[in-house]
Amino acid sequence: MGMARAARSRTSRLRRMLGRRQDWRLKVPNIRILRPHFGWIGPMLVLATTIASIIAASGGSGPAGDATAAGLTIGAASMALMAWSFILAVRIPLIEPIFGGLDSAYRVHRWAGALSIPMMLFHAGSAEIADGYLEFSRSASNTGLTVAGVALIMGIALFLLSILRWMPYRWWRLTHKLFGVVYIFAAWHIYTVEKPYQNWSVQGAYLNVLMAAGLLAFLYRVIGRDMIRRGLRYRVVSATRVGTAVDLVLEPMGKDLDYHPGQFAVIKVQKRGLSEPHVFTVAAPPGSGHLRFFIRRLGDWTAKLYDADLEGVEVLVEGPYGTFEATKQDAPTVWVAGGVGITPFLSNSTVLPTDSHNPPVLFYCVRTRDDAMGIELLDRAHRDGKIDLQIIASADGQRFTKSTLADHFGPKGLKGGHVALCGPKSLIISAEKASRKLGAASVETEDFDFRQGFGPDLPGLRRD
């Protein structure tokens, strides 16, 4: 009997390690080629500076003649992409809009970092430039070559750790910071190596400035943000359990966060075992004098938070972030939310006009009405004519399907309408397909899975 239980336990662990088929799907950036928008500017800027790095590295002329080695140009492109990866990790609010929101900026951050490592590997396998400019001693150049070899090994190891989600999030965050060491070693190599241009020629100056920008961004992220400017100070007023979620209310201990409806923040709970940063949408309306978050119990960290005694605990809040556009002027609006995906609509519903002739229709998918988060605010907004609330409770046999929107809006469909979605991935995919089929002019979504990668989250970790 005991042996059978042990065998079942081993089988269960193996299944968890292997995960589900969807855990191994490649998550590519969601680019709609035929729908140009302001958020294209950022990715195009990354592409342009990377191409400029290739041109700079290939256009130098030294004692050996023009640099035509593919390895040199690929190495420059690798450094440009890694520099952008660090710049985007700083989460600069000013550049967030040109990337289409922080979630899109982080997709570019991941892809830039991921592409830089194979490029670095290709560069390492190419021939070195001979008879070029050597501005430092041969010993310094050889040392740079040695640290570049260390950087390559570290980069490959960290790359594999980043794309495979088996490592717990808290450990992954620590190892992820070691990419800065890889970058510093690689920059050291490029600066001291023999090459067909001088460091302060036009080409060299461009590459050095770009590398310096990446280095400064890394130092600011690790030292400035993580150690010095850690966020605004708040205190937990209440932590109420609502089904499988925690309704967390914070009051400021000084300056209050200035945010717009639908934006999110990074919170760091100052309690042992809970201090790692996590991203959540602010559910409270702006100017309310407090912050409110609904945090569902999904993984290790959220389970600890759910069970912890949090009243009076200090919380550091960083932000705000996000460009989630829940409504558009003069356009019929539909909101679709699932579970904790209701949070951006809670804050948005409070700022809408009362008794609107065409209020947003909110489809809120929950297990039961009692599990609905912020239901008191939603009911009030519904009574005031700010929203048209449609609760879809699975316990009552109700489901949001591709026909739900068609059944509700009838023949007129959603032509010219604006649809905002937030919730589980399967719900978003289904609702987006149905919305576009019914003629919606725009569909707004945000993805808070800043880690991504391949394989299942272990142990049981998922997007918070």
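The model is predicted, so local features need pLDDT of at least 70 and side-chain atom pairs count only at pLDDT 80 or more, while totals for chains, interfaces and linings use all residues. Residues are numbered from 1 along each chain as its sequence is written, and side-chain values use heavy atoms, with hydrogens and water left out.

## The chain as a whole

The chain has 13 helices and 13 strands. Helices (H or I, at least four residues) and strands (E, at least two) are DSSP runs, numbered from the N terminus. Of the 464 residues, 49% are buried. Buried means under 20% relative accessible area, exposed means over 50%, and partly exposed lies in between (1.4 Å probe, protein chains only). The accessible surface comes to about 22500 Å². Carbon and sulfur atoms hold 60% of that surface. Areas come from the Shrake-Rupley method with a 1.4 Å probe; for residues, only the protein chains shown count as cover.

Contact means heavy atoms within 4.5 Å. Take the contacts with a separation of 6 or more: 76% of them join residues 24 or more positions apart.

## Two helix pairs

Two packed helices are described by the angle between their axes and the distance between the axes. Axes are lines fitted to C-alpha atoms, for helices over the stretch in contact, and angles run from 0 to 180 degrees between N-to-C directions.

Helix H3 (70-89) pairs with helix H8 (residues 202-228). Their axes come within 8 Å and cross at roughly 35°. The crossing is left-handed; that is, the near helix is turned anticlockwise from the far one by less than a right angle, and clockwise would be right-handed. On the H3 side the contact uses Ala76, Met79, Ala80, Ala83, Phe86, Ile87 and Ala89. H8 contributes residues including Leu207, Leu210, Met211, Phe218 and Arg221. By class, this contact has 13 nonpolar, one polar and one charged residues. Ala, Val, Leu, Ile, Met, Phe, Trp, Tyr, Cys and Pro count as nonpolar, Asp, Glu, Lys and Arg as charged, and the others, Gly among them, as polar.

The second pair is helix H4 (residues 102-124) with helix H5 (residues 138-163). Here the axes come within 10 Å and cross at roughly 145°. This crossing is left-handed. H4 supplies Ala114, Ile117, Met120, Leu121 and Ala124, and H5 supplies Ala151, Leu152, Gly155, Ile156 and Phe159. The classes are nine nonpolar, one polar and no charged residues.

Arg91 sits in the loop between H3 and H4. Its phi is near 60°, a positive value in a residue other than glycine. Most residues other than glycine have a negative phi, and most peptide bonds are trans. Arg91 counts as buried because its relative accessibility is 10%. Leaving aside neighbours within four places in sequence, Arg91 contacts Leu102, Tyr106, Arg221, Arg225, Val266, Glu318 and Tyr321. Its side chain makes a polar contact with the side chain of Glu318. A polar contact is a pair of N or O atoms within 3.5 Å; within protein, one must be able to donate a hydrogen and the other to accept it, and residues adjacent in sequence count only if both atoms are side-chain atoms.

Pro320 lies in strand E8 (residues 314-321). The peptide bond from Gly319 to Pro320 is cis, with omega near 0°.

Arg233 is found in strand E3. At 43% relative accessible area, Arg233 is partly exposed. Beyond four places in sequence, Arg233 touches Pro252, Met253, Gly254, Glu314, Val315 and Leu316.

| Residue | Partner | Distance |
|---|---|---|
| Arg91 | Glu318 | 3.0 Å |
| Arg233 | Glu314 | 2.8 Å |

Strand E3 (232-242) also packs against buried residues of H9, as do strands E4 (245-252), E5 (264-269), E6 (278-281) and E7 (291-296). In helix H9 (residues 300-307), the buried residues are Trp301, Thr302, Ala303, Leu305 and Tyr306.

## Ala372 and Arg383

Ala372 is in the loop between strand E10 (361-366) and H11. Ala372 is buried, with a relative accessible area of 4%. Arg383 lies in helix H11 (residues 375-383) and, at 61% relative accessibility, counts as exposed.
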